[in-house]
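Have the structure open while you go.

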Amino acid sequence: MSVVKQLYQLQEIDLELESSEQALNQITSQLGESEAVVKAQEKLAQERQRLEELKRQQHSVEWEIDGVRSKLTAVEEELYSGRIRNPKELANLQYDVDGLKAKRDKLEDKALEIMDQVELAAKNTISLDEELKTLEADWQSQQQQLTANLEQLKTTLSNFKHKRQLLTAEIDPQVLEVYHELKKLRGTAVAKVERGICRGCRISLPITELQQARSGSLVRCSSCGRVLFLA
Ligand SMILES: [Zn+2]
């Protein structure tokens, strides 16, 4: 194999290595915690906390209602027992009964209001939980796919690195140096020649350069300096 062909193959390998490394970096940046999942977890935790707080309020109001009801029963029993005859005392008891009834009604309204809120919060919790599960499942399958792609890329990369090692071992170190310098300077070191034109700089090449290149010897474009490769 001519040295030019070897350099061209080296360039192909380097391009493959670069694009594989880019893909690898992109995948690596996509691996890890999902912002959407974390946000959904936080939202669910907040709603659950709110539900617990509402349930606590509900129990406390129910407990308060029980207290008022039993007090009311006791006062009404006293009022209608017939034991008390003093009109002023009776009027006082009636006043207490009215007050306790008003308090009971108010608490019962409050209990109903809280019950509605509890129901709503419970519904929200269920739908947030479902949302989170969907997000987690999507994220998990995406991560699995990414991990599989990553493994494949790693294999590809190590194969290309091995090929590169074998190839560079066959190339004269001084020629390799020229290759690396050109690559640094121009991005690519080897340019294909098509219809007498250097594909690196799109300049028509002189006949002598073309003839030399055709013979397989290392010729560099007089315009851009790249090594000319005739397929
Ligand atoms: Zn050129």
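1. T125 is a buried residue, because its relative accessibility is 10% and the cut-off for buried is under 20%. Keep in mind that this is a predicted model. T125 sits in helix α3, which covers residues 87–170. Leaving aside residues up to four places away in sequence, T125 touches L44, E47, R48 and L51.

2. On to the aromatics: the count here is one aromatic pair. Y8 and F229 have ring centres 4.3 Å apart and planes at 20 degrees, so they go down as stacked. Y8 belongs to helix α1 (residues 3–30) and F229 to strand β4 (residues 227–229), so the pair ties together parts that are 221 residues apart in sequence. Y8 is buried, with a relative accessible area of 15%, and F229 is buried too, at 6%.

3. For the overall layout, the protein chain has five helices and four strands, in the order α-α-α-α-β-β-β-α-β from the N terminus. The radius of gyration is 42 Å, well over the 17 Å that the globule rule gives for 231 residues, so the chain is more spread out than a compact globule. The C-alpha trace spans about 135 × 30 × 25 Å along its principal axes.

4. Of the 231 residues, 30% are buried. If you take contacts between residues at least 6 apart in sequence, 71% join residues at least 24 apart.

5. Last, the surface and charges. The chain exposes about 15700 Å², with carbon and sulfur atoms supplying 50% of it. There are 33 positive and 38 negative charges, and their mean positions are 8 Å apart.

Methods
Residues numbered from 1 in each chain as written. Predicted model: local features only at pLDDT ≥ 70, side-chain atom pairs only at ≥ 80, totals over all residues. Heavy atoms only, no water. Phe/Tyr/Trp six-rings, centres within 6.5 Å; stacked < 30°, edge-to-face > 60°. Helix = DSSP H or I, 4+ residues; strand = E, 2+ residues; numbered from the N terminus. Buried < 20%, exposed > 50% of the residue type's maximum accessible area, 1.4 Å probe, protein only. Contact = heavy atoms within 4.5 Å. Rg over C-alpha atoms; globule rule 2.2 N^0.38 Å. Areas by Shrake-Rupley, 256 points an atom, 1.4 Å probe, with all protein chains shown as cover. Lys, Arg positive; Asp, Glu negative; His and termini not counted. Charge placed at Lys NZ, Arg CZ, Asp CG, Glu CD.
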